[in-house]
Amino acid sequence: MSERKVLNKYYPPDFDPSKIPKLKLPKDRQYVVRLMAPFNMRCKTCGEYIYKGKKFNARKETVQNELYMGLPIFRFYIKCTRCLAEITFKTDPENTDYAMEHGATRNFQAEKLIEEEEKRIQQEREEEELNNPMKVLENRTKDSKMEMEVLENLQELKELNQRQAQVDYEGMISQYRELERREREREKEEDERETKEMLDRALVKRLRDSDSDSEKEEESSSTQSMKSSSDKPTDILTTDKPPEAQGTSAAGVKRAKTESWERSVGTLGGGGAFGSLLVRKKPTVTVSKPSPAVTAAAPTSQKDSKASTAGSTNTAKAVVTQNGSSSLSLLGAYSDSDSNDSE
């Protein structure tokens, strides 16, 4: 495919262009070309309108014995799109246009004819003024007079229009001022509305914040009231005390801390499973100075053990000291010794 796109063909060394035979073609021969209609036209046979720019397959030939400054003139043959009648036109290099020959009439030709007539008149006037200075003066006088008449006619037309119009300038100015006033009022109302909306939004936000703060305060106050209601007035008296002496129950003393000797041996109450196996001994201590080591003797009968337990309970209810469980156990021992002596 590349060999058909080359610009230079190969010519052998023995090539002689004079030996190539020339074709003898007539000078008025025709070529088929593709063109567009150069102007609007109407067919004389059927009255069909052919608009400017419509494409045709036309025949082209050179006009014989017609030249314009050495330029040849060409003729074109086309056919009507409706009746297939032949229409011909040729080039016009003098006017840089096309000229209609036969088969159709050119539309919108009046403007072109007027322009051609004006050009002809101007050309004749220039030729007259070239050799006659008096003719130049006359033409200038006519031109000035015509110009003055045109200006007078324009002025009369303007005055006539003004009389008929009857424009109320004061009314126009007052209307314009009224429009300006309304525009200012509208802008002022818009500004006030925007300001009000902004204030409302700020107030709503502030109310929401205050509501949340009040809810928090109510919650805190409710929790404080619940705490205060749960606390007893006498709790302040026992807050500083150790948990060993916080109070007594109706059944006896509630001990929070168990002594080491109680964990190993057991209590003196005898209420447990091994209460019957314990043997109480009489205390050998005096009332004035009690000994810390107190040994308990088992009761001889079940009645003695119940009596000793009741006596220790009554003594613990009567006396409450800061020493806790140790003092209560000593008082229980004293009551047991007193009951045995009385017996």
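Five strands make up an open sheet here, in the order β1-β4-β5-β6-β7, and the pairing is antiparallel. At the edges stand β1 (31–36) and β7 (97–102); each has a single partner strand, so one side of each is left without a neighbour in the sheet. From one strand to the next, the twist averages 40°. Keep in mind that this is a predicted model.

Strand β1 pairs with β4 (residues 55–68) in the antiparallel sense, over six bridges. Within that pairing, V32 sits opposite R59 in β4.

Over to the helices. Helix α2 covers residues 133–165 and is where you'll find M146. Is M146 buried or exposed? Exposed: its relative accessibility is 54%, and the cut-off for that class is over 50%.

| Property of the protein | Value |
|---|---|
| Residues counted as buried | 14% of 343 residues |
| Accessible surface | about 28900 Å² |
| Share of that surface belonging to carbon and sulfur atoms | 54% |

As for contacts, take those between residues at least 6 apart in sequence: 39% of them join residues at least 24 apart.

Definitions and conventions:
Residues are numbered from 1 along each chain as its sequence is written. This is a predicted model: local features need pLDDT of at least 70, side-chain atom pairs count only at pLDDT 80 or more; totals for chains, interfaces and linings use all residues. Side-chain values use heavy atoms; hydrogens and water are left out. Helices (H or I, at least four residues) and strands (E, at least two) are DSSP runs, numbered from the N terminus. Buried means under 20% relative accessible area, exposed over 50%, partly exposed in between (1.4 Å probe, protein chains only). Two strands pair if DSSP finds at least two bridges between them. Axes are lines fitted to C-alpha atoms, for helices over the stretch in contact, and angles run from 0 to 180 degrees between N-to-C directions. Contact means heavy atoms within 4.5 Å. Accessible areas come from the Shrake-Rupley method with a 1.4 Å probe; for residues, only the protein chains shown count as cover.
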